[in-house]
Amino acid sequence: MDKLMDPSSKETRTLYESFPFPSGATPHLVSHWTNLLVDYINEKKLAPRIKSFLDAGCGTGDIVINFSKTFPKIEFQALDLSSSSIMIAQAKMQHEKINNITFEVKDLLSLDSKEKFDCITSLGVIHHTASPQRCLKNLVTALKPKGIIFIDLYGYYGYHHVDRGQKLVNILEPDFEKLNCRLEAMNWIVSSFYGIQPPSDIHHPHYIALVDGFVNPRASSYKIIDALKLLKESGLVNVEWWDRPKISNKNITYLSAKGQSFDIPIPSQWAHCLRDLSTDEQYRFFELCFTPFDFFLVGQKQ
Ligand SMILES: C[S@@+](CC[C@H](N)C(=O)[O-])C[C@H]1O[C@@H](n2cnc3c(N)ncnc32)[C@H](O)[C@@H]1O
């Protein structure tokens, strides 16, 4: 595996071998992302067309296992850099008596998939790689013509407070292999400057969530315009921000990552102004209003 791995991926792997993710750290995101994808597939009536499905960067497999239960006729492949995450995912699959997922340890930065897929998800993954462009390009290559891809990327404004802490940890201990020192740096930073007391049990889901954010070697975050550009430049079409707030005559409806829906009334004097904005301008307006932590994006291969 090491020979097939990009050198920068080893740094990321060090973290996720010791702290497989999500391991219960983000149950709300597991169900939110499952629901968004299932809603998209049902709304566009895509299920009969999807025979093969890749989850790229599956972590401990929670999301792909949910998909495989919802779509039992689809054949799933799920890849991740971290062998400990893959082992947990395989154990879960056996426990749930599921037999339509193949899990494999693989680096997406050197992915050269002979197999092509009708649908690919890569959720919370490519922004942690040293080259999100290369990673996305490899995924688009693995997509069949007309295939659909779902990407989740960190939002520039919403992710800012975590990004700040991650940079502080990188200053205190820049050697990504010295994980224990980096954990100590995180403990000090979050307790002193964020008012967060990390749990003493390092296997606690809250601790895993903190580590995923603050001890990660790197994470790129995107303004929505740049996130859409990244997808378009990799050759995708029909690119959309799928979990964007929706606008009606009277309300902006915003679905939070915790699955709660809010209707925010639009004062009548602004209704026209908002409706007249171009799609990109509306996206920008909502990005500034809601400062989303992440964007759930969808695109299609030509
Ligand atoms: C934040 S976790 C997200 C896991 C899962 N997609 C979820 O949403 O629950 C990021 C995952 O990406 C994997 N990852 C990061 N870089 C990778 C790469 N170059 N190749 C394969 N997997 C990678 C990590 O090992 C980790 O499991």
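1. Two strands pair if DSSP finds at least two bridges between them, and helices (H or I, at least four residues) and strands (E, at least two) are themselves DSSP runs, numbered from the N terminus. Asp 55 stands opposite Ala 78 in E2, and E1 and E2, which run parallel, are joined by five bridges.

2. Please keep in mind that this model is predicted, with local features needing pLDDT of at least 70 and side-chain atom pairs counting only at pLDDT 80 or more, while totals for chains, interfaces and linings use all residues. Residues are numbered from 1 along each chain as its sequence is written.

3. Strand E1 (residues 52-56) is mostly covered, since four of its five residues are buried (20 or more other C-beta atoms, placed from the backbone, lie within 10 Å of the residue's own).

4. Around the ligand there are 24 residues (C-beta atom, placed from the backbone, within 6 Å of it), of which Tyr 16, Gly 57, Gly 59, Leu 81 and Leu 108 come nearest. Two or more residues are given to this shell by each of helix H1 (7-18), helix H3 (62-70) and strand E2 (75-80), and H1 gives the most, with three residues.

5. The axes (lines fitted to C-alpha atoms over the stretch in contact) of helix H7 (residues 179-193) and helix H8 (residues 205-214) come within 11 Å and cross at roughly 100°, on a scale from 0 to 180 degrees between N-to-C directions. H7 and H8 are therefore roughly perpendicular (65 to 115 degrees) to each other.

Notes
Angles under 35 degrees count as roughly parallel, over 145 as roughly antiparallel, 65 to 115 as roughly perpendicular and the rest as oblique. A residue is buried if 20 or more other C-beta atoms lie within 10 Å of its own, exposed if 12 or fewer, and partly exposed in between; C-beta atoms are placed from the backbone.
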